Amino acid sequence: MTEKQRLFEDIKIGDDMLTMENITKIYENGFVANSDVNFCVRKGEIHGLVGENGAGKTTLMKVLFGQENPEGGRILIAGQEHKIASPLDALDYGIGMVHQHFMLVDELSVADNMVLGGEPVKGILYDRAEARRLALETSKKYDLEVDPDAIVGKLSVGYKQRVEILKILQKGAKLLLLDEPTAVLTPQEIKELFVQLKHLRDQGFSIVFISHKLNEVREICDRITVLRMGKSVGTVDIKDVTEADISRMMVGRDVMLDIEKEVAKPEEVVLKVRDLSYGVNQEKKVFSNISFDVRAGEILGVAGVEGNGQAELADVIAGLLPVQTGDVCVNGKSIRDVKSIREIREMGVSLVHQDRMIYGASKAQSIQENIVADRYYKKEYSKNGLLNWKKIKDESVKYMKEFLVKCEGPDAAIKTLSGGNIQKVVAAREFTSAPKFLLVCHPTRGIDVGAAEMIRKKIVELRDEKRTASLLFSADLTELLTVSDSIFVMYEGEIVAYFPDAKKVDEQMLGE
């Protein structure tokens with residue numbers, strides 16, 4: 001334990017452990033991410049941090065973890081002001097962060113990952129036996145069982161998250177910052193995580209729980225702080241508010257937490273998948289013998305823990321991976337016969353990819369350039385042989401308003417937006433391309449409750465108004481159950497269950 005980590009030791013359970021006062025963070029482009037934000041965590045509590053995308057949650061945690069330097073304000077630990085200059089400095093103070101995308105090396109063992117950055121040595125060589133002993137000791141101390149010899153790449157998502165938590169606990173963290181910790185977990189894994197977090201809280205640890213899932217926030221948190229447009233709206237005891245109250249604080253209006261929709265009226269088959277397999281030359285196929293149809297005016301949901309072949313299935317259907325065996329047809333035409341992604345798009349296919357920064361958006365370009373990236377070459381966007389920038393700008397402004405994109409304007413670079421706002425730009429482009437078939441993967445991951453409501457409604461509107469056939473991949477079971485008309489479940493690369501009526505299924509049944 002470092003001298004700085006000892007600062008937390010003398011604080012009593014229930015007393016203020018860390019306070020952020022009047023934190024202001026302004027980026028180089030003039031964007032005010034945090035404006036006089038106040039945030040306080042008590043010892044032995046789970047404190048929820050909620051707000052819309054772009055509200056300033058991530059920036060505030062980056063300031064606390066030493067990744068950003070604020071323009072104003074101060075951080076108090078045990079009542080004394082301290083400067084946190086870097087993530088290493090934050091860990092030195094006992095502040096650890098578990099990022100949404102895990103910082104683990106898949107090829108190494110659990111023990112190796114847990115000591116990264118502070119490897120034990122024997123002479124001049126890495127002491128693997130000591131690393132293993134430390135992993136077992138930490139695991140036993142916090143009642144979080146792990147196999148120190150297991151290779152991380154072969155573990156489930158929930159198990160990897162446990163390793164991440166143990167890794168920062170081993171480094172002496174007393175305040176844990178968890179960014180969207182349940183985003184990729186099954187209901188059973190979430191239940192197990194909550195038991196673990198409550199156990200840590202009861203041992204005197206403090207946890208900041210960043211999430212957009214209001215039912216989980218109400219279940220796990222003792223208090224919550226709500227941010228809106230870079231400012232703190234307030235801090236409340238969770239027992240005093242409902243989900244509707246929290247969403248109202250976040251958005252400033254009432255939000256529909258359930259989607260009202262008519263019963264689907266499917267028509268002709270738009271997407272036909274037959275005997276599709278991928279990873280044919282590998283030791284084990286990624287997925288095998290997949291067959292299903294999606295009809296016009298229908299939303300078919302795909303459920304399953306991530307890593308069971310869903311991502312590769314989506315990429316094969318989109319043309320990003322080759323069709324190895326079997327076939328994929330859109331309106332009767334096989335994608336085997338097309339030579340480019342543009343040709344697939346011209347067949348009426350739109351894609352919201354799960355990796356918005358690789359396949360969804362171009363970081364170096366502006367919002368308006370990203371919105372017209374799939375259509376700029378068409379005649380209506382040209383004038384005298386040149387791009388008609390007035391039309392592009394006017395159309396982009398219209399879609400930015402419709403899809404609630406928060407930014408400085410259509411000329412702003414995509415890289416200046418929060419992850420949720422980038423997702424809204426991607427949705428704006430894909431949903432407005434008049435798709436006959438919409439392939440949508442995790443459309444509301446990392447998106448606030450207000451924007452999630454809007455995107456889910458848009459998918460249903462496309463079904464009803466444009467007779468779009470939609471295939472929805474999502475790790476959010478509530479989203480699958482509220483948006484989909486029917487659902488199939490993937491496990492180890494195969495379809496193991498099909499539910500023709502999504503209304504007759506619940507989260508527990510899908511999780512099992």
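Q: Hi! What does Arg-342 lie over?
A: Arg-342 lies over the face of Tyr-377, at 3.6 Å from the ring centre. Keep in mind that this is a predicted model.

Q: Got it. And which ring does the charged end of Arg-162 sit over?
A: That would be the ring of Tyr-159, with the charged end of Arg-162 5.8 Å from the ring's centre.

Q: Switching to rings on rings: how many aromatic pairs are there in the whole structure?
A: A search of the whole structure turns up six aromatic pairs. One of them is Tyr-142 with Phe-205, whose ring centres are 5.4 Å apart.

Q: How are the rings of Tyr-142 and Phe-205 arranged, and why?
A: Their planes are at 75 degrees, so the pair is edge-to-face; planes over 60 degrees apart count that way.

Q: Where do those two sit in the chain?
A: Tyr-142 is in the loop between helix H4 (128-141) and helix H5 (157-170). Phe-205 is in the loop between helix H6 (187-202) and strand S10 (206-210). The pair therefore ties together parts that are 63 residues apart in sequence.

Q: Is Tyr-142 buried or exposed? And Phe-205, buried or exposed?
A: Tyr-142 is buried, at 5% relative accessible area. Phe-205 is buried as well, with a relative accessibility of 3%. The cut-off for buried is under 20%.

Q: What kind of aromatic pair do Tyr-278 and Phe-287 form?
A: Tyr-278 and Phe-287 are stacked, with 25 degrees between the planes and 6.2 Å centre to centre. Tyr-278 counts as buried because its relative accessibility is 13%, and Phe-287 counts as buried at 0%.

Q: New topic: what is the strand order in the open sheet of four strands?
A: The order is S2-S1-S4-S5, and the pairing is antiparallel. The edge strands are S2 (32-42) and S5 (80-82), each of which pairs on one side only. From one strand to the next, the twist averages 25 degrees.

Q: What holds strands of a sheet together, in general?
A: Strands pair through backbone hydrogen bonds, and they can be parallel or antiparallel.

Q: Back to this sheet, then. How many bridges join S1 to S4?
A: Five bridges join strand S1 (residues 16-26) to strand S4 (residues 72-77), and the two run antiparallel.

Q: Which residue in S4 is the bridge partner of Met-20?
A: Ile-75 is the bridge partner of Met-20.

Q: Last one: which strands does helix H1 lie across?
A: Helix H1 (residues 57-64) lies across S1, S2 and S4. Helix H1 runs at about 115 degrees to S1.

Notes: Residues numbered from 1 in each chain as written. Predicted model: local features only at pLDDT ≥ 70, side-chain atom pairs only at ≥ 80, totals over all residues. Heavy atoms only, no water. Pairing = 2+ DSSP bridges. Axes fitted to C-alpha atoms, helices over the stretch in contact; angles between N-to-C directions. Contact = heavy atoms within 4.5 Å. Phe/Tyr/Trp six-rings, centres within 6.5 Å; stacked < 30°, edge-to-face > 60°. Buried < 20%, exposed > 50% of the residue type's maximum accessible area, 1.4 Å probe, protein only. Lys NZ or Arg CZ within 6 Å of the ring centre and 35° of its normal.
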